[in-house]
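Here is a quick tour for anyone meeting this protein for the first time. Have a look at the picture, then read on.

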Amino acid sequence: MILQKEFSLTRRGRGFHLVTEEVVRHLPPLPKTGVLHLFIKHTSAALSVNENADPDVPADLNAIFDRLVREREPYYTHNCEGDDDMPAHAKVAIVGSSLTIPVTDGRLNMGIWQGIYLCEFRNRASGRRVVATVMGDN
């Protein structure tokens, strides 16, 4: 069985946003055993699995990435869409555009402290499109 669905995530500002429940609401029925592949169709936002319990984690991740890839560096040549544009592309190159999560007994098989994050690297982003592909056996 292979099912695929494309959906939009709620528009959010810059930062790391826990979106596990929103993603699950958009998914087709999950198989008994299989995998979920998520792909974000953008070059300035990413998807990540990370700590879902402590509310300090998203703020800390944002601070780390803003220090790791700074805005307005003099060596950037791609800067026609604002100060946050090239840094957003670099951050996506570090984090990645896709996730693969196992499905067991019809549910995402993640650790108790894991959640799916939208990593939004632009100050004024539009709604982000995600392609979910479910593969498995019922």
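D105 counts as exposed, at 54% relative accessibility; exposed means over 50% relative accessible area, buried means under 20%, and partly exposed is in between, using a 1.4 Å probe and protein chains only. You'll find D105 in the loop between β5 (98-104) and β6 (107-108). D105 isn't a glycine, yet its phi is positive, at about 55°. For background, most residues other than glycine have a negative phi.

R72 is another non-glycine residue with a positive phi, near 60°. R72 sits in the loop between α2 (56-68) and α3 (85-95), and it counts as exposed at 57% relative accessibility.

## What you're looking at

This is a predicted model, in which local features need pLDDT of at least 70 and side-chain atom pairs count only at pLDDT 80 or more, while totals for chains, interfaces and linings use all residues. Residues are numbered from 1 along each chain as its sequence is written, and side-chain values use heavy atoms, with hydrogens and water left out.

## The overall build

The protein has 3 helices and 8 strands. Helices (H or I, at least four residues) and strands (E, at least two) are DSSP runs, numbered from the N terminus. Read from the N terminus on, the order is β-β-α-β-β-α-α-β-β-β-β.

How does the size work out? The C-alpha atoms fill a box of roughly 55 × 30 × 20 Å, taken along the principal axes.

## Inside and outside

Of the 138 residues, 41% count as buried. The accessible surface comes to about 7700 Å², and 51% of it belongs to carbon and sulfur atoms; the areas come from the Shrake-Rupley method with a 1.4 Å probe, and for residues only the protein chains shown count as cover.

Now for charge: there are 16 positive and 17 negative side chains, with the centres of the two sets 4 Å apart. Lys and Arg count as positive and Asp and Glu as negative, leaving out His and the chain ends. Each charge is placed at NZ of Lys, CZ of Arg, CG of Asp or CD of Glu.

## Who touches whom

Contact means heavy atoms within 4.5 Å. Among the contacts with a separation of 6 or more, 83% are between residues 24 or more positions apart.

Take S48, which is in strand β4 (residues 45-51) and is buried at 16% relative accessibility. Leaving aside neighbours within four places in sequence, S48 is in contact with V95, L99, G115, I116, Y117 and C119.

Then there's E6 in strand β1 (residues 2-8), partly exposed with a relative accessible area of 35%. With the neighbours within four places in sequence set aside, E6 is in contact with K41, R129, V130 and V131. The C-alpha atoms of E6 and K41 are separated by 9.8 Å, and these residues are 35 apart along the chain.

## Rings that pair up

Rings of Phe, Tyr and Trp (its six-membered ring) pair if their centres lie within 6.5 Å; planes under 30 degrees apart count as stacked, over 60 as edge-to-face and the rest as tilted. That gives 4 aromatic pairs. Y75 and Y76 make an edge-to-face pair, 5.1 Å centre to centre with 75° between the planes. Y75 is exposed, with a relative accessible area of 60%, whereas Y76 is buried at 17%.

Elsewhere in the list of rings, F16, F65 and F121 are linked into a cluster by ring pairs.
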